There are 2 protein chains.
Amino acid sequence: MKVAAIAAVLSAALAAATNGPIDGPKPRDIGIALFRGWQPMDVFGPIEALWGLGLSQPINIYLIDEDGGTSEIKPLTPFATNSNTSATVLVDYTFASAPPLDVLIVPGGAGTRNQANVQPVIDYVAAVYPSLQYLISVCTGASILARAGVLDGKRATTNKRSWAFVTQFGQRVRWQPKARYVRDRNIWTTSGISAGVDGVLGWIEYVWGSNVSTEVTNVMEWNKVGANDDKFGKLYGLW
Amino acid sequence: MKVAAIAAVLSAALAAATNGPIDGPKPRDIGIALFRGWQPMDVFGPIEALWGLGLSQPINIYLIDEDGGTSEIKPLTPFATNSNTSATVLVDYTFASAPPLDVLIVPGGAGTRNQANVQPVIDYVAAVYPSLQYLISVCTGASILARAGVLDGKRATTNKRSWAFVTQFGQRVRWQPKARYVRDRNIWTTSGISAGVDGVLGWIEYVWGSNVSTEVTNVMEWNKVGANDDKFGKLYGLW
């Protein structure tokens with residue numbers, strides 16, 4: 001085989017590996033697991049990308065938490081400034097009443113610092129993971145996955161500013177400090193807050209292909225960065 | 001004056017002009033005007049930035065709309081895919097009951113395409129603008145500002161994919177196709193969806209200075225782009 005032909009085959013294989021789509025049935029039902037003190041963009045960044053995906057692919061999203069009713073951004077302890085930057089969303093299902101899910105997204109936020117506050121989400125992740133096609137965490141949501149034990153032996157990343165807090169929960173996790181997002185098998189973990197959008201866009205590319213992902217990115221006017229294109233780990237002294 | 005001294009003075013003046021903070025009282029009470037069919041990140045991208053601002057500065061945010069109660073992302077007409085990517089938030093005040101505001105943020109979204117759906121917001125913007133310190137629009141929210149007449153004679157920008165739709169409402173507006181966001185006097189308009197975060201971060205820099213803005217940007221792990229750093233206008237053939 002000539003060098004040019006080998007290069008073409010390698011190029012095609014690389015394109016297939018990085019630009020999807022994968023074969024097989026596509027995920028449709030996507031849950032987002034809430035708790036008091038979730039980070040606004042950890043939840044609504046992915047929702048925006050999924051909104052764009054929903055224009056061309058049949059999907060459903062469900063907001064779920066322990067109790068149903070409502071869920072608020074407001075942290076358990078007030079800001080020192082006495083600022084009130086809260087917002088409250090309606091929850092669609094409880095963990096007990098949620099329909100079967102293909103995908104679960106777990107956000108982070110100040111609420112992850114309180115073990116009792118997130119214990120129901122930790123238990124839910126541990127229980128539901130075996131039946132999921134994909135599990136995605138944003139930001140300090142990785143601490144919930146780590147506490148549920150589903151990251152053991154896997155590569156993962158998380159919020160760079162909260163690195164020490166999150167990684168204490170995953171002694172058996174292969175934490176990646178220089179990453180915007182990481183895929184290991186069917187689990188996608190992302191760096192802090194905004195990185196959730198890049199991670200979900202990367203996941204959309206993996207599942208539905210780069211044409212769909214690029215369309216969603218452009219609708220959002222999102223300046224996408226790649227899985228390894230991280231500058232915040234360095235800023236926070238992690239590498 | 002020596003050349004080096006002149007350069008130092010010019011440099012200091014330029015730094016003051018671009019890195020703030022401005023003098024005078026800082027805004028504190030920030031309203032976000034909703035309608036059915038708002039874009040998720042148009043609202044929660046700015047909320048995330050304001051959440052970060054609230055860690056160091058005393059601010060309050062209020063979600064307001066015509067009726068109070070709840071407000072949902074869900075557009076007036078269903079997606080062709082039968083996707084359901086909706087979410088619903090609790091509203092804090094009606095336009096009639098809202099407290100005095102220093103700042104109003106007006107998001108865009110599919111709901112702006114229906115005149116009756118956004119007429120209450122248009123009327124509210126026209127009524128409240130004279131009492132505001134700042135008015136900020138995200139994405140097709142600029143069409144609401146244009147319909148309220150407050151952009152007449154001013155420079156402004158908007159969503160690049162929806163350029164023709166929005167600009168039809170502002171014949172007397174000096175629309176800027178190559179811009180991530182634009183400030184003219186006390187009105188800040190931003191390009192599509194994600195650009196709202198860059199615009200709000202630019203506004204935070206203007207009001208509170210670059211130290212505060214950079215801190216918020218880094219907490220968000222946001223890859224910030226500047227006011228003139230736009231690639232989507234070109235993508236959509238506007239320049």
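Let me start with the sheet in chain A. This is a predicted model, and in it chain A has an open sheet of seven strands with mixed pairing, in the order 5-2-1-6-7-11-10. The edges are strand 5, at 93-94, and strand 10, at 181-184, and each of these pairs on one side only.

Further in, take strand 7, residues 134-137, and strand 11, residues 187-190, of chain A. They pair in the parallel sense over three bridges.

Helix 3 of chain A, residues 115-128, lies across strand 1 (29-33), strand 2 (60-65), strand 6 (103-106) and strand 7 of chain A. Helix 3 runs at about 155° to strand 6 of chain A. Helix 6 of chain A packs on the sheet as well, and touches strand 1, strand 6, strand 7, strand 10 and strand 11 of chain A. The direction of helix 6 makes about 150° with that of strand 11 of chain A.

Helix 6 of chain A also has a helix for a partner. Helix 2, residues 40-54, and helix 6, residues 195-208, both of chain A, have axes that come within 8 Å and cross at roughly 30°. An angle under 35 degrees counts as roughly parallel, and helix 2 and helix 6 of chain A are therefore roughly parallel to each other. The crossing of these two helices of chain A is right-handed. On the helix 2 side of chain A, the residues that meet helix 6 are A:Gly45, A:Pro46, A:Ala49, A:Leu50 and A:Leu53. Those they meet in helix 6 of chain A include A:Gly196, A:Val200, A:Ile204 and A:Trp208.

Now the second chain. How is chain B placed relative to chain A? A rotation of 180°, with 0.0 Å of shift along its axis, superposes chain B on chain A, with an RMSD of 0.0 Å. That is the relation of a two-fold axis. The same surface serves both copies, since 100% of the contact residues of chain B recur in chain A. Of the residues of chain B, the one that comes closest to the rotation axis is B:Val89, with its C-alpha at 2.1 Å.

Helix 2 comes up again between the chains. The axes of helix 2 of chain A and helix 2 of chain B, residues 40-54, come within 9 Å and cross at roughly 160°. Over 145 degrees counts as roughly antiparallel, and helix 2 of chain A and helix 2 of chain B are therefore roughly antiparallel to each other. Their crossing is left-handed. Among the residues making this contact are A:Met41, A:Phe44, A:Ile47 and A:Trp51 from chain A, and B:Met41, B:Phe44, B:Ile47 and B:Trp51 from chain B.

In chain B, the open sheet of seven strands has the order 5-2-1-6-7-11-10. Strand 6, residues 103-106, and strand 7, residues 134-137, of chain B pair in the parallel sense over four bridges. B:Val103 stands opposite B:Tyr134 in strand 7 of chain B.

Last, the annotation. An unreviewed UniProt entry lists residues 32-194 of chain A as "domain: DJ-1/PfpI". In the model, the end C-alpha atoms of that span lie 16 Å apart. The span is 26% helix and 22% strand.

Terms used. Residues are numbered from 1 along each chain as its sequence is written. Chains are lettered from A and ligands numbered from 1 in the order in which they are written. This is a predicted model: local features need pLDDT of at least 70, side-chain atom pairs count only at pLDDT 80 or more; totals for chains, interfaces and linings use all residues. Side-chain values use heavy atoms; hydrogens and water are left out. UniProt positions are given in the numbering used here, feature names are shortened, and annotations may be inferred rather than shown by experiment. Copies are superposed by least squares on the C-alpha atoms of residues with pLDDT of at least 70 in both. Contact means heavy atoms within 4.5 Å. Two strands pair if DSSP finds at least two bridges between them. Axes are lines fitted to C-alpha atoms, for helices over the stretch in contact, and angles run from 0 to 180 degrees between N-to-C directions. Angles under 35 degrees count as roughly parallel, over 145 as roughly antiparallel, 65 to 115 as roughly perpendicular and the rest as oblique. A crossing is left-handed if the near helix is turned anticlockwise from the far one by less than a right angle, and right-handed if clockwise.
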